[in-house]
Amino acid sequence: MQKGLLLVSHNTDPWIKRLPFIRRSSSVVSRKEINSEQRRSVSETRMSHHKSYRLVYFDAEGRGEYIRLIFHHFKTQFDDIRLTAAEWEKKKASAPFESLPILEMDNGKKVLGDSIAIARYLSKTLGEGFLGKTKLDAARGDMFVYATNDMFGSAMGVTYAKDETDKKEGMVKFEAAGKKYLKNIEKHLKASKSGFIVGEYMTWADIFVMYGIRVIEQFDAGLLKKQKTILHYYEKIRSQEGIREYVEEKWPTDLL
Ligand SMILES: N[C@@H](CCC(=O)N[C@@H](CS)C(=O)NCC(=O)O)C(=O)O
């Protein structure tokens, strides 16, 4: 696997370059459009909730993307705010942990930090049983969310690499983590009767695992070759309501 070439050839992944100097997804609105709207892009999904949600992140997928997917799945309108590096520097001190993403509600009166806390809050608020319908299903859902988050950690090692040598080392670690992750996800999918990762129904864990596969596709797509079970699942979750419309436009794939 020629990882350097692979990275160059995949231009849709915002995690690849060091934040906030990240590449943006090819399918998000153009810089000009962003300027004209003051980088404020309102989701075009149907309004199904009366709260005003403002998701603040960079102009990238990264830790903002699974939150966007939850909004889209529940067809809930939100302001998708994408900050530049300069805008973030000004806002940083006011963020709960000086990091993005943050979720602002009620005109900024309520602010949540940490992507998993935000994803959990929205899953609880927007979807009945989306965290798991029983305590055990919820704990199993957490297990997949945290395992996916650990795998994201190794992607960060590549994103934040200091130089080419560091990036190569990061890729070696990412490849090992990605392989281990896929092996275990495959094992759980083979044991699943419904095809969802937890129980008989879709949960937030499916959003994370599907996005985990997306990240592997962006960083090291070779790992997904001949992964029949994983790719079948990837297609299944990509086809779920609300998500399908979003990913068809934003995440073109050669794998399916
Ligand atoms: N555990 C946090 C990690 C947040 C984090 O590391 N955010 C990065 C972007 S992915 C960030 O804010 N970087 C800019 C900075 O630290 O100034 C979460 O999941 O939200």
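Let's start at the ligand. One of its oxygen atoms is 2.7 Å from an N or O atom in the side chain of Lys-92. Keep in mind that this is a predicted model.

Now Leu-100. Here the backbone takes part: one of its N or O atoms sits 2.8 Å from a nitrogen atom of the ligand.

How much of the ligand does the protein bury? Taken alone, the ligand exposes 510 Å². The protein buries 74% of that.

Who else is around? In total, 13 residues surround the ligand. By class, the shell has eight nonpolar residues, two polar and three charged.

Stay with Leu-100 for a moment. The peptide bond that joins Leu-100 to Pro-101 is cis, with omega at about 10 degrees. Where is Pro-101? Look in the loop between helix 4, residues 85–91, and strand 4, residues 102–105.

Another loop deserves a look. It runs between helix 3 (62–73) and strand 3 (79–83), and Lys-75 is in it. Phi of Lys-75 is positive, near 45 degrees, and this residue is not a glycine.

Last topic: helix packing. Two packed helices are described by the angle between their axes and the distance between the axes. Take helix 7, residues 164–191, and helix 8, residues 204–220. Their axes come within 11 Å and cross at roughly 140 degrees. The crossing is left-handed.

Which residues meet there? From helix 7, they include Met-171, Phe-174, Tyr-181 and Ile-185. From helix 8, they include Phe-208, Val-209, Ile-216 and Phe-219. Glu-175 in helix 7 and Asp-220 in helix 8 are also among the residues in contact. By class, this contact has 10 nonpolar, two polar and two charged residues.

Technical notes: Residues are numbered from 1 along each chain as its sequence is written. This is a predicted model: local features need pLDDT of at least 70, side-chain atom pairs count only at pLDDT 80 or more; totals for chains, interfaces and linings use all residues. Side-chain values use heavy atoms; hydrogens and water are left out. Axes are lines fitted to C-alpha atoms, for helices over the stretch in contact, and angles run from 0 to 180 degrees between N-to-C directions. Helices (H or I, at least four residues) and strands (E, at least two) are DSSP runs, numbered from the N terminus. A crossing is left-handed if the near helix is turned anticlockwise from the far one by less than a right angle, and right-handed if clockwise. Contact means heavy atoms within 4.5 Å. Ala, Val, Leu, Ile, Met, Phe, Trp, Tyr, Cys and Pro count as nonpolar, Asp, Glu, Lys and Arg as charged, and the others, Gly among them, as polar. A residue is near a molecule or strand if one of its heavy atoms lies within 4 Å of it. A polar contact is a pair of N or O atoms within 3.5 Å; within protein, one must be able to donate a hydrogen and the other to accept it, and residues adjacent in sequence count only if both atoms are side-chain atoms. Accessible areas come from the Shrake-Rupley method with a 1.4 Å probe; for residues, only the protein chains shown count as cover.
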